[in-house]
Amino acid sequence: MRSKRFDLIGVISVLAMLTSLALLVAHNETGFGELGVELTQEDLAAGFREGIEVHALYMGAEKVGTLRTEKRRDGNGYRIDSSMQLSVSTGFFKQRLRSELLSRLDEGFRLQEFELSLDSAILELELEGRWDGSAMVITGLPGETSSVALEMPEAPLILPSLRPVMMRKRLEPGSKTSLDYFDPLSQSRVRLDVVFVGNESIEVMGRLVNAFHFKEMALGRATDVWVNELGEVLIEDLPMGFRAVREPEAEAEYGLSEATAKRASLPDAVSLEAIASATLERALWSKSKWTIERGQVLRGVFQEAGQSITFEDQRAIVEVQRLALQRVGKAGLSEGLQAEYVGSASEIDPSAPEVVALASRLAPENAPLDEVLQAATQHVSALGWASEQASVDAAAVLRSGKGSSLGRANALTALLRARGIPARVVYGALFMGDGVLNRHDWVEAHVREWIPLDPSLGQAPADAGRLRLGSGGALERTLAEAALRTLRISSVEGE
């Protein structure tokens, strides 16, 4: 009922982390001016200070965005206004994303109302929500169901109130705790697991300050964050190589630009078609080993589908194993994963007439699942080629008989979901040979385990010559591309 309405996994994963920087802190006489990082006894006693905080968002050494947060008292509660802008180059275009989050909280930091707007080249949203005493009522959802009421035992916390509430627990070094918060984008409660590492002295805004270091896990992603005694974020390491740093507003805004790290080449219809037709030589590996010098970028990557990651300081060693496609009947499907992944999204609709009709013809109803996977993969692989600018809607790709790397991945995902097989689009790098990497899209289907399939190259299962960087929606794909440009891959070995 939540993320099934629209494919927001990638948006959620990034915005959830970025908006978490908009935190409640303690009162100060500076009014709505810009706040410094030094705290007074009055600040600590008041428990909240009004003013403006600014964080610069970095990818590596490049500044790619800012987050500006204005905090004020609002009657017996609080009002938090956060505006975020992010600019990342994807090769063909610049992905610019702007979001505004207005949160009204009661005196216990629990959510009463919110307004959320998101504007990007791939998605526009205007959501509103309010607590009615028994449920969070959300309006503005895309699709046929424009509103939903989510029953809850009490008004929830929201990301802007988590760290201040966490700091009130007075944790000891090494201790653990958990908090639940409400995520407006997915319309769900999210569990945040926290470990307090200890106190550290760090330099922020030209001053050496005492910071509280926490390791946090939410939505399957781990982050490190350093906050002050009031819960204000000073530094936060985010997934996919992003880092948020508290800076003066003038410094944070100055020089805002997209990441300029060296880009991996992008696959186009010509190069992928050449590989698929065997006119361009490419090794088919049963296993591969990738040595990545800036491997910290990969700490938020799922270790699934035959891919494992180990770390040596800043270096990551990624080993990929080609998985076997075993003969399995329908009993091999996971009902829980069906519920999560078999649903419609903006560009992947398994209920579209073209998708349903073709899916039923691919293989007999009671055919083993490996036969269904192979038939669907080969059918999509036989389609004609289209550029990245062509439609990537699954039904449109099947109607037109041609598609790009992403269009084919969406089409295969929709066909498999129409047959009741959990499937998802994944993003990463394809080893082309001669030391060349291309950004690539493929599919994972769950038959007892996640099995990679490549509808561009007609591989079921896919070979091990690819590096998985993420899965989800369009923004997740953008961030996977950005991570690929940031990586320094020193060697790729396979056999």
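Visitor: Ala135, then: buried or exposed?
Guide: Buried, because its relative accessibility is 5%, under the 20% cut-off. Keep in mind that this is a predicted model.

Visitor: Which strand is Ala135 in?
Guide: Ala135 sits in strand S7, which covers residues 135-139.

Visitor: And what does Ala135 touch, leaving out residues up to four places away in sequence?
Guide: Arg130, Ala149, Leu150, Glu151 and Met152. Take Glu151: it is 16 residues from Ala135 along the chain, yet their C-alpha atoms are separated by 4.0 Å.

Visitor: Switching to helices. How many of the residues of H3 are buried?
Guide: Nine of the nine, so helix H3 (residues 159-167) is largely enclosed by the rest of the structure. The buried set includes Arg163 as well as Leu159, Pro160 and Met167.

Visitor: OK, now H8. What's its reach from first C-alpha to last?
Guide: Helix H8 has 13 residues, 369-381, and reaches 18 Å, close to the 18 Å expected at 1.5 Å a residue.

Visitor: Which residues of H8 are buried?
Guide: Leu369, Asp370, Val372, Leu373, Ala376, Thr377, Val380 and Ser381. They cover an arc of only 160 degrees around the axis, so they lie on the same side of H8.

Visitor: What do those buried residues of H8 pack against?
Guide: Two kinds of partner here. There are helices H7 (353-362) and H10 (405-418), plus strands S21 (436-447) and S22 (449-453).

Methods:
Residues are numbered from 1 along each chain as its sequence is written. This is a predicted model: local features need pLDDT of at least 70, side-chain atom pairs count only at pLDDT 80 or more; totals for chains, interfaces and linings use all residues. Side-chain values use heavy atoms; hydrogens and water are left out. Buried means under 20% relative accessible area, exposed over 50%, partly exposed in between (1.4 Å probe, protein chains only). Helices (H or I, at least four residues) and strands (E, at least two) are DSSP runs, numbered from the N terminus. Contact means heavy atoms within 4.5 Å. The expected span of a helix is 1.5 Å times one less than its number of residues. The arc is that of the directions from the helix axis to the C-beta atoms.
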